[in-house]
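I opened this entry to record what I looked up, beginning with the ligand surroundings and then turning to single residues.

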Amino acid sequence: MQHKKIAFIGAGNMAFAIISGLVKSGYPASEIIACNKSNQVRRQELATMGINVELSNRQAVEQADVVILAVKPQMMAEVCAEFADVDFSSKWVLSVAAGISVGRLEQLLPSANNIVRSMPNTPSLIGEGLSGLFAKKSVDPTACQFAETLLSAVGQCYWVETEAQLNQIIAITGSSPAYFFRFMEAMQQSAVQMGFSENDARFLVQSVAVGAAKMVVANPNLSLATLRENVTSKGGTTAQALAVFEQHQLADTVNQAMNAAIKRAEEMEKSL
Ligand SMILES: NC(=O)C1=CN([C@@H]2O[C@H](COP(=O)(O)OP(=O)(O)OC[C@H]3O[C@@H](n4cnc5c(N)ncnc54)[C@H](O)[C@@H]3O)[C@@H](O)[C@H]2O)C=CC1
Ligand SMILES: O=C(O)[C@@H]1CCC=N1
């Protein structure tokens with residue numbers, strides 16, 4: 001990848017995941033600037049990795065070829081106001097924020113004409129991320145390519161045609177690591193109630209989660225339904241467990257949850 005100067009505005013969980021992946025993939029730490037006003041421990045951690053740590057968002061932006069907006073959506077307007085008058089015409093912008101549309105970013109940074117919106121996820125921290133990407137047709141293809149190469153350092157990329165689809169990606173891959181964690185948490189709680197220690201319950205649950213996920217990947221020709229059916233002996237234990245999920249309308253619950261995530265992203269787009 002061409003080594004451009006990249007400034008991360010906000011260096012919390014998501015930015016740290018991307019920065020770690022970039023450095024691991026060989027991107028020079030000296031070409032990365034990270035700005036994180038409120039977390040001294042994180043700044044120290046970044047400095048130890050050889051990242052240039054800046055306290056001023058504006059100074060970080062001024063030095064950069066590529067600006068990655070990685071603050072909480074609720075902070076975005078306030079943070080962009082600090083450098084709204086910087087000339088962005090030769091800079092590329094990559095936002096990872098949920099619920100901030102390209103149109104809104106164009107308002108916040110009027111001279112920016114190459115804005116790519118993305119929706120990464122936290123498995124990026126271990127190189128297993130999935131990032132949705134969206135850009136208007138007018139955006140420089142080299143900026144799109146750079147964004148894709150950058151996010152490929154921490155996982156896989158998936159371009160969407162419309163910005164509305166990026167909100168769907170939030171529900172499908174951005175928020176969803178938490179759905180799986182919640183499910184595993186519930187299984188762990190149940191195992192603890194049976195008398196297993198927290199540690200043993202976690203070991204058992206995480207082992208099966210990894211095994212099940214690897215089976216999905218290893219068997220692209222088997223549908224998820226077939227993989228489920230292969231576990232489910234007629235009149236056996238799994239059938240009884242799955243029947244309880246059905247009684248409680250698992251599929252409908254998941255559908256409602258994912259639509260709630262999309263609705264929230266749309267509300268944020270209107271209010272932020
Ligand atoms: N956590 C996740 O799974 C995902 C998060 N995102 C997006 O990433 C963005 C960041 O989220 P997280 O990393 O989870 O949040 P976070 O709270 O871990 O990180 C935000 C960071 O911004 C820093 N910050 C606050 N005010 C600042 C300011 N004025 N100037 C510079 N830095 C400032 C904070 O110290 C904090 O470390 C959000 O917009 C979120 O929508 C996107 C995909 C997944
Ligand atoms: O919960 C959120 O709003 C962010 C976006 C996707 C994951 N975390």
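Before listing what surrounds a ligand, I note that helices, H or I runs of at least four residues, and strands, E runs of at least two, are DSSP runs numbered from the N terminus. I also keep in mind that this is a predicted model.

Entry on the whole chain. I looked up the secondary structure and found 12 helices and eight strands. The C-alpha trace spans about 70 × 40 × 35 Å along its principal axes, and 32% of the 272 residues count as buried. Among contacts between residues at least 6 apart in sequence, I noted that 68% join residues at least 24 apart.

Entry on ligand 1. Which helix gives the largest share of the shell around ligand 1? I found that it is helix H1, residues 13-24, with three residues. The shell holds 28 residues, and the closest are Gly10, Gly12, Met14, Ala97 and Ala98. By type, I recorded 15 nonpolar, 10 polar and three charged residues in the shell of ligand 1.

Entry on ligand 2. Around ligand 2 I found Ala98, Ile170, Gly174 and Ser175, which divide into two nonpolar and two polar residues, with no charged one.

Entry on the annotation. I checked the unreviewed UniProt entry, whose "binding site" annotation covers Ile9, Gly10, Ala11, Gly12, Asn13, Met14, Ala70, Val71, Lys72 and Pro73. These residues span 65 residues in sequence, but no two of their C-alpha atoms are more than 13.8 Å apart, so they gather at one spot.

Entry on two annotated residues. I looked up isoleucine 9 and found it in strand E1, residues 6-9. Is isoleucine 9 buried or exposed? Isoleucine 9 counts as buried because it has 29 C-beta neighbours inside 10 Å, where 20 or more are needed. Alanine 11 lies in the loop between E1 and H1, and I recorded it as buried because 27 other C-beta atoms lie within 10 Å. With the same exclusion of residues up to four places away, its contacts include Phe16, Ile19, Cys35, Arg42 and Ala70.

Entry on asparagine 255. I found this residue in helix H12, residues 250-271. Asparagine 255 counts as exposed because it has 12 C-beta neighbours inside 10 Å. From isoleucine 9, asparagine 255 is 246 residues away in sequence and 34 Å away in space, C-alpha to C-alpha.

Definitions and conventions
Residues are numbered from 1 along each chain as its sequence is written. Chains are lettered from A and ligands numbered from 1 in the order in which they are written. This is a predicted model: local features need pLDDT of at least 70, side-chain atom pairs count only at pLDDT 80 or more; totals for chains, interfaces and linings use all residues. A residue is near a molecule or strand if its C-beta atom, placed from the backbone, lies within 6 Å of it. Ala, Val, Leu, Ile, Met, Phe, Trp, Tyr, Cys and Pro count as nonpolar, Asp, Glu, Lys and Arg as charged, and the others, Gly among them, as polar. Two residues are in contact if their C-beta atoms, placed from the backbone, lie within 7 Å. UniProt positions are given in the numbering used here, feature names are shortened, and annotations may be inferred rather than shown by experiment.
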